[in-house]
Structure formats: C-alpha cells, structure tokens
Amino acid sequence: QIAAQNPQAALAMGFLDPLGITALKAIGGSADMATENFDGISKTFLVIEQPTKGLMNVFQFPAIEQKPPKWVSTNASAWFSLNWDIVGAYTAIESMVDMFRGPGTVAALVDQIAQQEGGPKVHLKKDVIDVVSGRIQVVMEPGKKKGDEPAQDRVVVALGLKDAKKFQATLTKLTKMAGFPGQTREFKGSTIIEFEVPDFSGSLEPKMAGLAIGQDQLMFSNDVTAVEAMLRGDTDGDALVDSAAYKSIAEHLPAKSSIVSFSRQDSQIETLWDMAKGGQAGAFLPQIDFSKLPEFDTVKKYLTPNGGYSVPDKKGVLFVSFGTKKK
C-alpha cells in the first residue's frame, strides 16, 4: 500500500529485496535479574526469513565447538571467538557487485590486481580468502604495571588458517615490498614481523607490536611478547580453558555455537578503580574524593565472570549474555 502511494518507496524496496535486507522481519528479547543460576541473563532473537540472500549472506556464522586454545592464559581478562563463513561472505559480495556491474566484474578486478606490475602478486581469493578458516579469536590480558603507572592491556587477535604454509608464502611476499613498515626476525622456527606502535597508556616509550604464524593461526598483538609466548606454547601460567572461572561459564554454553565470549569483571574494573583511586578521575568529577575508595580486593570477591554465546536457528539467530552467580 505504501509503495502504491509513494513511487520512491517502491523504488527503494526494489533495491532492498535483492540485497536480502527485507529478510530481517523482527527483533525481540528479554532480560532477567537475580535468577536461580545467574546474577543476570539477557536474550535477544532476530527473526530472519530463510533462506537468506544478498547482504544477509555476508553475515553467516556456522555453529561449531568452540573453547579457548591452550595458548590463552588464565590471566586473560576477556576471550572472544566467532566462526565466520568467510568464503560465503566473499561469494555474497561478489554476487551483489556483479548484479549491478555485470557478471565477472569482481573476478576480473581481483585477477587484475594480482597481476599488477610492482605489486606483491597476491590473489585475494586464492591466496587469502581460500586459505583462512574464518575462525577469529580476540584475547585481552591486563598489562604489567611499572610502579604506579597504568599499563596498556595486551590485545591478541588470532585468525585461523586452513593452510599455514601457503599463507606464510603470501605474507613473505608482502614483507619484501618496498616501503614495508615492519622488520622481520626468526623465533622458534617462525618468522615474527615487528612494528613500532605508541603506548596509549600514557608512557612516552613506543611499544613493539608483532605478527606471526604459528599453531595454524595468524596472530597479531600490540605487544610482541604475547606473540612470542604463543609460538613457545607458553601461557605464562595455567591455561584459561582449565580455570575455574572459565568452567563456571562453560557449563552454561551449548555444545556448538557461532560466537562465544568470556570476560572477568574484576580484571576489567580494577584498572579503572586504581585510576580513580589515584586521582585520575578528579578532572571529570572534582566534587568526589575517589582516594577514599577501599582497596580493590575488598570488592573483587563479589565480581563474577560473564559469558555469552550466539546460535543459529531455523527462524533466525539467538544471542544470550549472562553473569554468573557467586557460589
């Protein structure tokens, strides 16, 4: 009826339908506090008409068994993992571009870039998309403080690889290009690429970020020591997957999921607490004397881990997040 009265609306709908956006029909959810098993739990459900097409096919996350690998330390303040159908996403984007620009447009452009003189001779589809698995993990660890100075968190991003040897060859081509900003060095039989990055915690000293391939992962971190630890198989202590904190979350996770997350409230709040207690929040709330806050250990014992997951459904996708109860 709206389309009949408004030709512009009809034209817009004509574009939206091939893009698949009209498949998103509804969204709803619930939130509960202080339940029998949780401090709080929220659920969100997206109703998506099946089968999906167009843009919706870019965001396909098949459910698989997911848990932290052994190289993720129990010191981690957060761990996030998703399984992305990256080949399907590429195909969806290729189909949409070809729909507007003509069949074979994307394939021809990718071939042209791969054969460009002076370039790294890397083929986006064959050397990258077809080689990565689509498993993406992000790990955060509290940085080690020097005296009373705040420390920048260590962030690690790991991309799963189907063929680590082939991706290493692609990476080597990139490092040999003129003007490549990183430096390479050998470590434990692997090649580490180092980059100088600023320390956003406030220190004037630059930090060394690192990138390397190991354990069938392409790993990048803002702190190269985290990459070295992964290559050694050293978790700086026990593994997160074996910790009581993670197990308290894992017991509420499904056997297979598209997305999984774990976080510690204590690790995330402690840095802010110490900054406020040290006077760094005074500029924003000068009327409050945060120095009178108790030591963080007095409240730490009340903070429990949080978890979350996403699973596909025949009618859409379900997102769940929860905070565990202290036992």
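This is a predicted model: local features need pLDDT of at least 70, side-chain atom pairs count only at pLDDT 80 or more; totals for chains, interfaces and linings use all residues.
The secondary structure of the protein chain consists of ten helices and twelve strands. Of the 327 residues in the chain, 36% are buried. Contacts between residues at least 6 apart in sequence were also counted, and 61% of them join residues at least 24 apart.

Twelve strands form an open sheet, in which the order is 1-2-12-11-10-3-4-5-9-8-7-6 and the pairing is antiparallel. Strand 1 (24-33) and strand 6 (183-187) stand at the edges; each has a single partner strand, so one side of each lacks a neighbour in the sheet. On average, and with direction ignored, neighbouring strands of the sheet are turned by 15° against each other.

Within this sheet, strand 11 and strand 12 run antiparallel and are joined by eight bridges.

Strand 8 is largely enclosed by the rest of the structure, because six of its eight residues are buried. Strand 7 pairs with strand 8 in the antiparallel sense over five bridges, and M208 in strand 8 is the bridge partner of E196. Strand 8 is also joined to strand 9 by five bridges, again with the two strands running antiparallel. Here the bridge partner of G210 is S221 in strand 9. The hairpin of strand 8 and strand 9 has two residues between the strands, and Q215 in this hairpin takes a positive phi near 55°.

In soluble globular proteins, nonpolar side chains tend to be buried together. The largest nonpolar core of the model has 31 residues, and W71, W79 and F322 are those with the most contacts inside it. Two or more residues of this core are given by each of strand 2 (38-48), strand 5 (154-161), helix 7 (224-232), helix 8 (244-250), strand 10 (259-263), strand 11 (306-313) and strand 12 (316-324). Helix 7 supplies the largest share, five residues. With residues up to four places away in sequence not counted, F322 touches F38, G40, I41, I249, H252, L253, N306, G307, G308 and Y309. A second, separate core has 17 residues, among them I86, L161, A164 and A209.

Two packed helices are described by the angle between their axes and the distance between the axes. For helix 3 (residues 86-101) and helix 4 (residues 105-114), the axes come within 7 Å and cross at roughly 110°. The two helices are therefore roughly perpendicular to each other. On the side of helix 3, the contact is made by Y90, E94, V97, D98 and R101; helix 4 contributes T105, V106, A107 and V110. By class, the residues in the contact of helix 3 with helix 4 are five nonpolar, one polar and three charged.

Note on methods. Residues are numbered from 1 along each chain as its sequence is written. Side-chain values use heavy atoms; hydrogens and water are left out. A nonpolar core is a set of buried Ala, Val, Leu, Ile, Met, Phe, Trp, Tyr and Cys residues joined through side-chain atoms within 4.5 Å. Buried means under 20% relative accessible area, exposed over 50%, partly exposed in between (1.4 Å probe, protein chains only). Helices (H or I, at least four residues) and strands (E, at least two) are DSSP runs, numbered from the N terminus. Contact means heavy atoms within 4.5 Å. Axes are lines fitted to C-alpha atoms, for helices over the stretch in contact, and angles run from 0 to 180 degrees between N-to-C directions. Angles under 35 degrees count as roughly parallel, over 145 as roughly antiparallel, 65 to 115 as roughly perpendicular and the rest as oblique. Ala, Val, Leu, Ile, Met, Phe, Trp, Tyr, Cys and Pro count as nonpolar, Asp, Glu, Lys and Arg as charged, and the others, Gly among them, as polar. Two strands pair if DSSP finds at least two bridges between them.
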